[in-house]
Amino acid sequence: INFSLALAALGREVILIDADLGGADISNLVGISAPRYTMKDFISGEVTYLSEILEPTPSSKLRLICGGSDIISISNPYYQQKMKLIRNISMLEADYIVVDLGPDITFNNLDFFNSAPVGFLVTQNVDPIILGFYRFLKAAFVRRLKQEFRDEQFVLNIINDFQNKGWSHTRRNLIGSIRAASQEVHARLDKILETFQPKLVF
């Protein structure tokens, strides 16, 4: 919330999306006790576009899409529903679109995180919390690799082997093993490394 408010205070048009599906609470924190619409309405098909459920906030430059924690099913949308949601997020018009995720390592959170042009991890300088985010980043990177190389079984075998070893090896070892296996995947692997550049904010 503070990140979005700071951008709005700079005069930027900001949309904040509460994508902590099943555990949304941002609407209460910004003073919206009874939103007209929530993410539930979009996921269930009651509205067609995300832009229809934008809620104004006390900040004139900040609009909110409420998460809709009032139903259990929203916490685990079907894959097609999730991809529709991701596509519609990219269609929203604003200077900045901030998607707030929960801390859990779930496919939903990983896919939302990986779909963003820039991923931010907002944390505290406390060892257990930092360790949790480190695990999240590893899972997000592996998810990105597996989605990119889902049709390359030999790459998937390498990734699974590293996971089964409990990540006793570093990411560099994993990347090196994939490079050594085939030159044909180098360009796609380099693209992932160029674009997977998450930022850590204390």
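Let's start with Val 14, which stands opposite Leu 62 in strand S3. Please keep in mind as we go that this is a predicted model.

Val 14 belongs to strand S1, residues 14-18, and four bridges join S1 to S3, residues 62-65. Those two strands run parallel. Now look at S1's other pairing: which strand do five bridges join to S1? That one is S4, residues 96-100, and here too the strands run parallel.

Which way do the residues of S1 point? Val 14, Leu 16 and Asp 18 point one way, while Ile 15 and Ile 17 point the other way. Buried or exposed, then? Buried, on both sides, and that includes Asp 18.

Next, helix H1, residues 2-9, where the buried residues are Ser 4, Leu 7 and Ala 8. Why do these sit on the same side of H1? Because they cover an arc of only 100 degrees around the axis. And what covers them? Our strands come back here: S1, S3 and S4 are among the elements covering the buried residues of H1. Turn to the face pointing away from that buried side, and you'll find the exposed residues Asn 2 and Ala 9.

One last stop, just after H1: Gly 11 takes a positive phi of about 90 degrees. Thanks, everyone, and I'm happy to chat!

Terms used. Residues are numbered from 1 along each chain as its sequence is written. This is a predicted model: local features need pLDDT of at least 70, side-chain atom pairs count only at pLDDT 80 or more; totals for chains, interfaces and linings use all residues. Side-chain values use heavy atoms; hydrogens and water are left out. Buried means under 20% relative accessible area, exposed over 50%, partly exposed in between (1.4 Å probe, protein chains only). Two strands pair if DSSP finds at least two bridges between them. The arc is that of the directions from the helix axis to the C-beta atoms. Contact means heavy atoms within 4.5 Å.
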